[in-house]
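Subject: Structure handover

Dear colleague,

Please find the structure below. My notes on it follow.

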Amino acid sequence: MIGSVRLEFHLPGCHSLKEKRSILKRFIEHARRQYSVAIAEIESQDEWQRAVVEAAAVSNERSHLHSVLTHVVNEAERPGEMILTNCEIDV
């Protein structure tokens, strides 16, 4: 079974692509290490204050897959430099 989560962020404090990429890199690397997901920025690469990231995971149990993806969403909702504006989980 394969599941994915699409995360849309607003980065109000970013004033350059370099700053945006630095913030996203920390989030992406943490999600990879902590939750063993494949994750990447998939849209809006040239926009300073908007990011769209998708994470995917594979499991033989639907409940485990949903749990992993929910943990990624919970991590994205934490207060910080990025504001989660939308998320969609697909299992």
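Helices (H or I, at least four residues) and strands (E, at least two) are DSSP runs, numbered from the N terminus. This is a predicted model, in which local features need pLDDT of at least 70 and side-chain atom pairs count only at pLDDT 80 or more, while totals for chains, interfaces and linings use all residues. Residues are numbered from 1 along each chain as its sequence is written, and side-chain values use heavy atoms, with hydrogens and water left out.

Two serines with positive phi

Ser44 sits in the loop between strand 2 and strand 3 (50-58). Its phi is positive, about 60 degrees, although Ser44 is not a glycine. Ser36, in the loop between helix 1 (17-35) and strand 2 (38-43), is not a glycine either and has a positive phi of about 55 degrees. For accessibility, buried means under 20% relative accessible area, exposed over 50%, and partly exposed in between (1.4 Å probe, protein chains only). Ser44 is buried because its relative accessible area is 12%; Ser36 has 61% and is therefore exposed.

Ser59

Ser59 lies in the loop between strand 3 and helix 2 (62-77). With a relative accessible area of 11%, Ser59 is buried. Its side chain makes a polar contact with the side chain of His64 at 3.2 Å (a pair of N or O atoms within 3.5 Å; within protein, one must be able to donate a hydrogen and the other to accept it, and residues adjacent in sequence count only if both atoms are side-chain atoms). A polar atom of the Ser59 side chain also lies 3.1 Å from the backbone nitrogen of Glu61. Setting aside neighbours within four places in sequence, Ser59 is in contact (heavy atoms within 4.5 Å) with Met1, His64 and Leu65.

Val53

Val53 belongs to strand 3 and is buried, at 0% relative accessible area. Not counting residues up to four places away in sequence, the residues touched by Val53 include Val5, Leu7, Phe9, Leu24 and Ile39.

The aromatic pair

The structure holds 1 aromatic pair. Rings of Phe, Tyr and Trp (its six-membered ring) pair if their centres lie within 6.5 Å; planes under 30 degrees apart count as stacked, over 60 as edge-to-face and the rest as tilted. How far apart are the ring centres of Phe9 and Phe27? They are 5.5 Å apart, and the planes are at 70 degrees, so the pair is edge-to-face. The pair links distant parts of the chain, with Phe9 in strand 1 (residues 2-10) and Phe27 in helix 1, 18 residues apart. Phe9 is buried at 2% relative accessibility, and Phe27 is buried at 9%.

Regards
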